[in-house]
Amino acid sequence: MPPGLTYLADNIITSQNILGVTKEQSARWAQKLDIPRQAETIFFAGCGYQFSPQLERLMSLARGVDKSVIGAELPMRFARFQKKLGLNLPGIYSNVLSLNILPGREELKPLEAAIKVLRNLGIQPGYLAEEEPCCGAPLNHAGLQTKFAENARQAYRTLKSHGVKKIIGIVPYCTHAISKLFPLYVDGYDLEVRHFLEVVVEKIPSLKLKFPRKVKVTYHDPCQLVRYLSLVEEPRRILTSIENIELVEPDWTRGEWATCCGGGGGFETVFPELSQVLAVNRASELLETGAEIIVTHCPGCIMQLKDGLRELKVEGVEVLDLSQVVAMAMET
Amino acid sequence: MKKTSDFKNYKKEIMGAAHDDRLRLALSRAIKSFRSNVKDALEKFPHTVGMAEEVLKIKEAAIPRMEELARQAIAVIEENKGKGYIAKTANEALEIIADLTGTNKLVVKGKTMTGEEIGLREYLEEKGNEVYETDLGEFIIQKMGSRPMHILSPSIHVPREDVARLFSKVMGQEIAPDSKIADMVAAAREYLRDKFFRADIGISGANVVAAETGTLFIIENEGNIRLATSAPPVHIALVGMEKLVPTLSDAYKVSEVTWRYANYTIPSYVSLVSGPSKTGDIEKETTYGAHGPKEFHVIFLDGGRTRLARYPRLAQALYCLRCGGCLYECPVFAVTAGHFGDKYFAGIGAVWAAIVNEDMEKAASIAYTCLTCGRCRQRCPMKIDVPEMIIELRKLLAEGDPANARD
């Protein structure tokens with residue numbers, strides 16, 4: 001396994017320091033790409049792939065929420081209950097959030113790659129950089145719908161104030177939140193949200209794509225993409241259109257039947273050990289295909305699958321984001 | 001009140017299970033064969049998929065009318081000289097059954113998850129009765145002093161060597177650990193044989209009940225339920241109220257969909273029971289208690305089901321046919337079995353724990369263990385949206401439950 005077996009551990013250590021990051025460092029991944037700030041169609045980078053001051057804001061939002069949960073705002077019943085369970089929600093959030101902040105050098109790539117791919121397809125999206133609002137999906141996931149709804153309305157106002165009409169999302173969680181959940185809480189929600197895969201797959205017939213070397217790849221469907229956003233055929237059509245790539249898939253656990261990597265929304269912080277067991281299980285299923293590259297399209301899945309491979313002590317198998325694979329296939 | 005360390009204990013329990021290689025092996029084999037059996041069953045009978053859509057509509061219409069359907073069923077059952085009861089709570093159900101049973105009786109039981117839900121066997125034993133589980137899996141669990149780990153295959157986690165050791169002890173005859181499974185099955189058959197005929201009471205559940213005729217549909221393969229519900233002089237059936245549907249034809253459809261999604265192409269037996277045994281062969285005078293039971297009692301258990309039916313996003317939990325398919329698709333269940341659960345298992349089990357059993361602590365533990373990955377929904381013939389229910393449940397836990405403001 002290439003770049004570093006201590007990858008995940010580094011992520012966590014680095015991200016805990018990252019929480020104090022300054023705004024100048026925000027959205028650094030995009031700096032040299034020179035993406036316009038103002039555009040009708042924007043690229044929504046989300047938290048998962050990047051680290052940015054937005055995370056700082058999300059952190060304080062989540063902390064605020066937690067304080068209010070434990071404090072006076074919500075029924076005492078819950079506070080008692082939390083104590084009884086020994087559930088430490090603030091701890092869970094900060095862990096979830098810090099896990100989501102992947103350190104720059106390793107994980108800038110998928111986002112850069114995605115922008116590059118879009119540009120090659122003749123699409124020039126804008127990017128709000130440090131003005132990009134957070135989708136707040138972890139709030140919804142934790143059952144804090146009231147806070148999620150507040151955040152959704154705020155995010156919508158922010159997007160509208162920048163003249164945004166269309167959004168190309170990439171992180172599964174964020175894309176699901178802004179396309180399917182926001183309309184439930186925001187009156188007159190009128191933003192057109194599409195996932196990166198939907199945009200790319202349309203242009204595939206007109207492209208000549210060739211991976212630099214002959215490889216067997218398998219594809220891991222992120223739960224949110226396949227079962228929440230129904231993007232089943234899109235990634236497969238993209239991968240099979242690339243010369244030199246042979247797509248090999250597990251017998252049963254593919255598409256809608258794909259097994260979760262074990263990183264389901266904060267699960268990994270409540271049950272870190274069990275989460276790893278599940279990551280190993282999923283990695284094993286994928287390895288049975290004989291693939292040399294495991295392609296997926298979610299920052300959480302990437303992290304989990306890399307960890308799974310590490311636990312299995314597998315060498316010579318890479319985990320790559322689909323955007324990276326497409327970008328590489330455009331270079332040759 | 002439970003101790004503060006509930007969640008810690010729970011976490012320890014599921015991690016213990018996750019590190020149990022034998023359990024994992026047993027489960028991975030079961031999952032593989034379940035998937036291939038269901039695929040096979042659905043390919044042979046492709047109409048099942050469309051029928052499942054019909055059944056969903058039947059359930060959607062029936063659940064809000066549960067109590068009315070129960071009263072309708074009771075009226076017909078009593079016309080047919082059986083007895084019907086509505087138990088508002090689990091305790092009421094236990095008392096009704098305990099009163100009917102009495103004490104110092106021999107009881108044979110078919111598998112009933114509703115019985116597990118209310119702790120029926122234990123209760124009857126406390127009242128001084130000798131109770132035998134007759135479903136092989138339940139029998140193993142009972143003799144091990146353990147609890148079921150799957151709704152259809154309660155002893156899914158017990159490898160054959162352990163069964164051999166257990167049976168040797170229980171039956172006082174040596175069964176070698178490398179014996180054939182058939183020999184173990186034969187040993188259980190022999191051991192239980194006379195219990196059926198000596199029993200005072202036979203207890204069963206039901207997979208679905210037709211309200212218009214009061215007919216119980218009971219699906220099985222072993223034949224133990226046939227014996228337990230026909231050999232003893234008294235048959236008592238405990239049925240969750242959500243199992244009622246209006247007509248016989250509805251009930252048939254529910255049955256067929258249930259067994260097929262439970263991975264059976266064709267089950268060996270489906271019993272239809274509507275009343276006590278009777279004959280009119282001598283001078284056309286109807287006489288009760290021919291070869292089957294003379295008494296037939298059906299207890300419809302509410303026990304929180306009508307409460308659950310009032311939660312808009314959670315009521316779908318009542319559509320569950322208990323085919324068990326979701327469990328085989330759950331990545332957490334695949335390594336922990338029923339340790340991830342309460343009376344009912346995996347994500348949907350959290351809803352039952354929270355609203356039916358009102359055990360919020362247990363419910364929270366399960367709700368936070370669910371990945372919300374949604375593969376269970378993919379499998380479910382009723383398309384029950386477990387992730388949606390889990391998020392809703394977390395909301396009730398985090399933001400409070402307006403419906404329960406009375407608390």
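## Overall size of chain B

Chain B agrees with the rule for a compact globule: 407 residues would give a radius of gyration near 22 Å, and this chain has 21 Å. Keep in mind as you look around that this is a predicted model. Along its principal axes, the C-alpha trace of chain B spans about 65 × 55 × 50 Å.

Inside that outline you will find 19 helices and 12 strands. Of the 407 residues of chain B, 52% count as buried. If you take the contacts in chain B between residues at least 6 apart in sequence, 73% of them join residues at least 24 apart.

## An enclosed helix in chain B

Helix 17 of chain B, residues 360–369, is worth a look. Because 9 of its 10 residues are buried, this helix is largely enclosed by the rest of the structure. A residue counts as buried here if 20 or more other C-beta atoms lie within 10 Å of its own.

The buried residues of helix 17 begin with B:Met360 and continue with B:Lys362, B:Ala363, B:Ala364 and B:Ser365, then B:Ile366, B:Ala367, B:Tyr368 and B:Thr369.

Where the two domains of chain B touch, 26 residues come from domain 1 and 23 residues from domain 2.

Which helices each supply at least two residues of the domain 1 side of this contact in chain B? They are helix 2 (21–44) and helix 14 (325–329) of chain B. The largest share, 12 residues, comes from helix 2 of chain B. Sorted by class, the domain 1 side in chain B holds 17 nonpolar, 4 polar and 5 charged residues.

## Two domains in chain A

Turning to the other chain, chain A is divided into domain 1 (7–58 + 98–200) and domain 2 (208–331). Here 27 residues of domain 1 of chain A are in contact with 26 residues of domain 2 of chain A.

On the domain 1 side of this contact, the elements giving two or more residues are helix 1 (7–18), helix 5 (104–120), helix 6 (137–141), helix 8 and helix 9 of chain A. Helix 5 of chain A gives the most, with 8 residues. By class, that side of domain 1 of chain A has 16 nonpolar, 7 polar and 4 charged residues.

## A parallel sheet in chain A

Chain A also has an open sheet of 3 strands, in the order 1-2-3 and with parallel pairing. At its edges are strand 1 (41–44) and strand 3 (192–195) of chain A, each of which pairs on one side only. Ignoring direction, neighbouring strands of this sheet are turned by 25° against each other on average. Strand 2 of chain A, residues 166–169, pairs with strand 3 of chain A in the parallel sense over 4 bridges. If you want one pair to inspect, A:Ile168 has A:Arg194 in strand 3 of chain A as its bridge partner.

Helix 8 of chain A, residues 172–185, packs on the sheet and touches strand 1, strand 2 and strand 3 of chain A. The direction of helix 8 makes about 150° with that of strand 2 of chain A. Helix 9 of chain A, residues 196–203, lies across strand 2 and strand 3 of chain A and runs at about 70° to strand 3 of chain A. Both helix 8 and helix 9 are also among the elements on the side of domain 1 of chain A that touches domain 2 of chain A.

Technical notes: Residues numbered from 1 in each chain as written. Chains lettered and ligands numbered in written order. Predicted model: local features only at pLDDT ≥ 70, side-chain atom pairs only at ≥ 80, totals over all residues. Contact = placed C-beta atoms within 7 Å. Nonpolar A, V, L, I, M, F, W, Y, C, P; charged D, E, K, R; others polar. Pairing = 2+ DSSP bridges. Axes fitted to C-alpha atoms, helices over the stretch in contact; angles between N-to-C directions. Rg over C-alpha atoms; globule rule 2.2 N^0.38 Å. Buried ≥ 20, exposed ≤ 12 C-beta atoms within 10 Å, placed from the backbone. Domains from an automatic or database assignment.
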